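Good morning, and thank you for coming.

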Protein chains: 2
Amino acid sequence: MTPEPASSTDYWSTRLREQGLRVTHQRLAALEVIDHHPHSSAEEIYRLLKRAQRVPTVTLQTVHGIVNDLTAIGLLRRIDLPGKDSAARYETRVGDNHHHIECVRCGRVEDVDCARGEAPCLLPSDTHGMTLLEAQVTYLAVCHECELTLRKETHA
Amino acid sequence: MTPEPASSTDYWSTRLREQGLRVTHQRLAALEVIDHHPHSSAEEIYRLLKRAQRVPTVTLQTVHGIVNDLTAIGLLRRIDLPGKDSAARYETRVGDNHHHIECVRCGRVEDVDCARGEAPCLLPSDTHGMTLLEAQVTYLAVCHECELTLRKETHA
DNA sequence: ACCATTATTTTTAGTAATTCAAAATAACTG
DNA sequence: CAGTTATTTTGAATTACTAAAAATAATGGT
Ligand SMILES: [Mn+2]
Ligand SMILES: [Mn+2]
Ligand SMILES: [Zn+2]
Ligand SMILES: [Zn+2]
């Protein structure tokens with residue numbers, strides 16, 4: 001059985017060391033922040049790290065390096081949503097192949113459970129001779145608040 | 001004196017005028033090029049337009065303007081594929097809600113017919129109170145050529 | 001066909017997201 | 001605790017795209 005870590009810091013530290021990465025307070029703080037603010041962009045993570053005085057000296061370039069490294073070892077998942085306001089977003093919920101629904105107006109993102117739970121959860125009618133890795137599904141929608149806003153605008 | 005077959009030029013001209021847009025040789029040439037090279041990026045369209053001396057004076061900014069305008073009136077479809085080295089791609093096959101399979105290594109993109117043919121072709125387990133517009137499906141894969149290349153690299 | 005109107009293209013700059021490389025810093029090892 | 005070197009910081013570059021003003025050309029009326 002897996003022993004429960006005393007704190008989330010211990011948990012992340014163990015995961016980092018397992019992968020041969022050093023345990024820095026920047027990485028730990030980033031993981032905390034992403035865990036509490038899923039689907040954040042590098043810029044948002046950066047602001048959250050500075051705002052709470054967690055890592056006042058951190059730079060945006062460091063955040064990019066961190067999310068790249070942590071994604072590479074499977075501690076984070078990167079999601080690329082469509083739209084020209086395209087900044088990659090990151091989350092700690094990995095390994096369950098879940099999907100996302102995005103409001104095309106305000107960019108709000110919510111999780112959508114996968115029916116199958118592992119990739120690929122959907123099969124193409126034709127693979128064109130390729131080896132399928134994953135079916136990436138993104139639901140585009142308009143959230144309730146934006147619907148109301150749009151209705152007002154249409155009225156005027 | 002029209003170097004292009006009158007039929008396709010006439011077709012696009014009619015579509016443009018229907019939408020109140022002027023028929024410019026830049027727009028016509030762009031539509032031709034995209035029709036013959038589906039899933040091209042603005043940069044690729046730009047190079048294709050200059051290469052064949054079709055529109056030697058065209059600029060990349062113009063291509064961006066054209067694809068934006070033509071997408072807005074439904075003559076083109078814009079596809080945003082995942083992977084951060086990915087520029088938006090454009091195609092003339094519109095209105096059938098088809099999907100795509102992309103090689104994650106070389107970026108090759110092929111069409112995948114939609115089982116339903118119109119959006120949304122898939123329903124989320126939870127809409128989170130949002131009004132669903134579309135289920136965007138992208139299959140990530142490794143093409144045959146890339147598979148062979150990767151096998152060689154692993155060997156060495 | 002000619003001209004006027006104005007949409008479109010071109011020219012010139014600027015922005016946002018991300019990457020790269022060298023120098024400074026700070027984790028791990030012994 | 002000191003040495004090694006991964007990581008962060010600093011500073012600059014790149015890519016994809018947008019913005020605004022000046023030049024050009026497509027349409028409509030004569
Ligand atoms: Mn998620
Ligand atoms: Mn297609
Ligand atoms: Zn919204
Ligand atoms: Zn390939």
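Domain bounds, as I use the term, come from an automatic or database domain assignment. For chain A, that assignment gives domain 1 (8-79) and domain 2 (96-155). The C-alpha centres of domain 1 of chain A and domain 2 of chain A lie 25 Å apart.

A word on conventions. This is a predicted model, in which local features need pLDDT of at least 70 and side-chain atom pairs count only at pLDDT 80 or more, while totals for chains, interfaces and linings use all residues. Residues are numbered from 1 along each chain as its sequence is written, chains are lettered from A and ligands numbered from 1 in the order in which they are written, and side-chain values use heavy atoms, with hydrogens and water left out.

Let me turn to chain A as a whole. Its C-alpha trace spans about 55 × 45 × 30 Å along its principal axes. Chain A has five helices and six strands; these are DSSP runs numbered from the N terminus, helices being H or I with at least four residues and strands being E with at least two. The order from the N terminus is α-α-β-α-α-β-β-β-β-β-α. Of the 156 residues in chain A, 40% are buried, where buried means under 20% relative accessible area, exposed over 50%, and partly exposed in between, with a 1.4 Å probe and protein chains only.

Next, the strands. Two strands pair if DSSP finds at least two bridges between them. Strand E6 (residues 131-142) of chain A is joined to E6(B) by eleven bridges, and the two run antiparallel. Within this pairing, Leu132(A) stands opposite Ala141(B). E6(B) also pairs inside its own chain: four bridges join it to strand E4 (residues 99-103) of chain B, in parallel, with Glu102(B) as the bridge partner of Leu140(B). How enclosed is strand E6 of chain B? Nine of its twelve residues are buried, so the rest of the structure largely encloses it.

Now helix H3 (residues 42-51) of chain B. Its buried residues include Ala42(B), Ile45(B), Tyr46(B), Leu48(B) and Leu49(B). These cover an arc of only 165° around the axis, which puts them on the same side of H3(B); the arc is that of the directions from the helix axis to the C-beta atoms. They pack against helix H2 (25-36), strand E1 (40-41), helix H4 (60-72) and strand E3 (89-91) of chain B, contact meaning heavy atoms within 4.5 Å. Just after H3(B), Gln53(B) takes a positive phi of about 60°.

Finally, the metals. Donors are N, O and S atoms within 2.8 Å of the metal (3.2 Å for Na, K and Ca); water is not among the atoms, so sites may look incomplete. The manganese ion (ligand 2) is coordinated by His39(B) (NE2), Glu91(B) (OE), His98(B) (NE2), His100(B) (NE2) and Asp111(B) (OD), at 1.9 to 2.3 Å. Both Glu91(B) and His98(B) are buried.

Which residues hold the zinc ion (ligand 4)? Its donors are the SG atoms of Cys103(B), Cys106(B), Cys143(B) and Cys146(B), at 2.2 to 2.3 Å, spaced C-x2-C-x36-C-x2-C in sequence. Cys106(B) lies in the loop between E4 and strand E5 (109-112) of chain B and Cys143(B) in the loop between E6 and helix H5 (144-155) of chain B, so the pair ties together parts that are 37 residues apart in sequence. Cys106(B) is partly exposed, with a relative accessible area of 45%, whereas Cys143(B) is buried at 3%.
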